[in-house]
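Let's take a friendly walk through one protein model, part by part. Have the sequence and the 3D view ready as you read.

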Amino acid sequence: MNREIKISKITLVNLAVLLALSGAGFSAAAGTLTGGTLTGGTSVSGTPTAKTAAAVVSSPSARLAKITDDYFEQRLALFSLSATEDVGDPRFEGQLEIEIAPAHVERSKALYLATLAALKTVELTTLSADEKLTVDLLRYEVQLRLDGLAFPTRLLPVSHLDCVPIRLADWAGGQSVQPFKTVANYDNFLRRINKLPNWVDQAIANMREGMRVGVTQSRTIIERVLPQLEELNVTIATKSAFYSPIDRLPPTFSKADAERLRKNYQRVLTERVLPAQAQLVAFLKNEYLPKTRITAGLGALPNGTKWYAHQVRDNTSTNLSPAAIHALGLTEVARIREEMDVIRIQVGFRGTLNEFLQGVKTRAVLMPFKAEEEVIAQFKAIDTGMAPKLAGLFGRTPKAALDIRPVDKLTRDTASSSYILPAIDGSRPGVFYAAIPDPLKFTSHDMTALFLHEGQPGHHFQMALQQELDLPRFRRFAWHNAYGEGWALYAESLGKEMGVYADPFVYLGRLQAELVRAVRLVTDTGLHDKGWTREETIAYMIKNQGVSEDNARRATERYMVWPAQALGYKIGELKILELRATAQQKLGNKFNIKSFHDQVLTAGSLPLTMLETRINAWIARGGES
């Protein structure tokens, strides 16, 4: 999710917002936040207007609704790529905010401070319980984002898993979130990539600053991203990945529009985008790579211990220490390996567990595919077979459809399988993107668990349903990593009671997926808190997962780039399992699994502490909604 977050999930924001989002406060037409106060007039200077929210908003409920809506609207304007990817809002598909720019950081800080100040003006006593939850959630989210600004994330703008040029080149392929159906869509994407040189200039400036202050990316990561950027580093516009939408112009476009788009894409690529790409590659190879660090973890950077502690709090929504998480991981790894050993004995394998796990990956019967299309067809067959089984476990389910597609060829060698939620206007379904580096080596026994995680009832049930709830928009598109990834891993566990793990090898695939998440607790904290090297982490994975060196390397480099993101899966899953067990024990024959799942899913994404409070309140009501 990716993307954890992965994350989460309207009137046009006035240009004045972008002009005035600076300093201590900001304001714009139609009422925005200024110095912590909602205003009803326009003030490009950033000073409060005479007409205050007290005169405009008649009740605490209406005031809260205004604050949450303004916050969400201005977050969309500040983070235009997320507006496209996480919300599918068409108003922002031609924008590219330079999120790594110092000015953008200050604008974000102004928004967070003003929102916190505005929340203090809301009288809580007359609010409903759900409105009070909205207050708690917004305050939690904004404070967390504000705290995160203390750390120099912007000085690390390039990695093989998160780099704006690669992201947009992927979108240009037409199978992702950027729409290419109308002439306006094409014009919007051209406007977006026309701003790529601005991003490149800022990224280079940031990395030079990072070199000065000792905050650089690990050398291994830059070596990994360079081939991806080299593939984009062409000299002929028509050979560029960014030109590929023109190769797919709809036949319904007029000849005049088609010719104009061809010329404009060629001009912008030739004059701006391709020179910027060449500049970025040259900088990384000649200037940055020699100055990168050989260490792997965040703890090796200045203030890295506090930086990682913030990442842990963000990604687990708990106060667990890295040491406690590491110890939990060791316990979970041992437990899961014991269960896997039972299967080894059951199928009659006489070697060690690791030999068994390595052998599974070479069994011809578990690698039946000849082409990428066959893998996708099998995932779709799993989807079809799953639908009737889900009816016994879930009351409310999403209305949006689920599609299954392969990841783009540009990133398939480094990408993980992922999910992207539907567009808010219904123009795009939820999509499970399957990473298929080599279909000939793609194993079938772990596909069921992967589908349960990324598709139904995993990310699709949670994220698509959340988008359809009658909640403030910021809650409908919120993402709390431990909740979202924890739910998806919990969804994998449901396969056992649905009867889809009857085959011991398919169940082994489920256990292997769970073991990966348990190992993450050990290796992520090892890398970023205990000072493990990349090689030590790889060695631990090989020993305890029975995976290949290449598999362990890919995983390690992911954890290097996304500190603490990998912790959310197991921490969240264990909390949901704990809450379910508590509910079953306390409610007895009143416990209803559909009602439990409704309680977990129908308030939107929650920090684990708030989810626990919600489930305990449901138990106290005797399991009544």
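In strand β5, valine 431 is the bridge partner of isoleucine 420. Before going on, note that this is a predicted model, in which local features need pLDDT of at least 70 and side-chain atom pairs count only at pLDDT 80 or more, while totals for chains, interfaces and linings use all residues. Residues are numbered from 1 along each chain as its sequence is written, and side-chain values use heavy atoms, with hydrogens and water left out. The helices (H or I, at least four residues) and strands (E, at least two) are DSSP runs, numbered from the N terminus.

**The sheet.** Which order do the strands take in the open sheet? The order is β3-β5-β4, a set of 3 strands with mixed pairing. β3 (402-406) and β4 (418-420) stand at the edges with a single partner strand each, so one side of each has no neighbour in the sheet. On average, neighbouring strands here are turned by 25° against each other, direction ignored. Two strands count as paired if DSSP finds at least two bridges between them. β3 and β5 (residues 430-434) run parallel and are joined by 5 bridges, whereas β4 and β5 pair in the antiparallel sense over 3 bridges. Arginine 405 has tyrosine 433 of β5 as its bridge partner, and aspartate 403 stands opposite valine 431 in β5.

Is β5 buried or exposed? Of its 5 residues, 5 are buried, where buried means under 20% relative accessible area, exposed over 50%, and partly exposed in between (1.4 Å probe, protein chains only). Gly430, Phe432 and Ala434 point one way from β5, while Val431 and Tyr433 point the other way.

**Two helix pairs.** Angles run from 0 to 180 degrees between N-to-C directions, and axes are lines fitted to C-alpha atoms, for helices over the stretch in contact. Contact means heavy atoms within 4.5 Å.

| Helix pair | Packing angle | Axis separation |
|---|---|---|
| α7 (residues 164-172) and α10 (residues 219-232) | about 55° | 10 Å |
| α20 and α22 (residues 549-561) | about 55° | 10 Å |

α7 and α10 are therefore oblique to each other. Angles under 35 degrees count as roughly parallel, over 145 as roughly antiparallel, 65 to 115 as roughly perpendicular and the rest as oblique. On the α7 side, the contact is made by Pro165, Ile166 and Ala169, and on the α10 side by Val225, Gln228, Leu229 and Leu232.

**A buried isoleucine.** Isoleucine 193 lies in helix α8 (residues 183-194). Its relative accessible area is 0%, so isoleucine 193 is buried. Leaving aside neighbours within four places in sequence, isoleucine 193 is in contact with Leu168, Phe242, Leu269 and Val273. Isoleucine 193 and leucine 269 are 76 residues apart along the chain, and their C-alpha atoms are separated by 8.5 Å.

**Helix α12.** How many residues does α12 have? Helix α12 (residues 304-316) has 13 residues and reaches 18 Å from its first C-alpha to its last, close to the 18 Å expected at 1.5 Å a residue; the expected span is 1.5 Å times one less than the number of residues. Among the buried residues of α12 are Trp307, Tyr308 and Gln311. Their cover includes α6 (129-148), α13 (322-346) and α19 (481-498). Just after α12, serine 317 takes a positive phi of about 50°.
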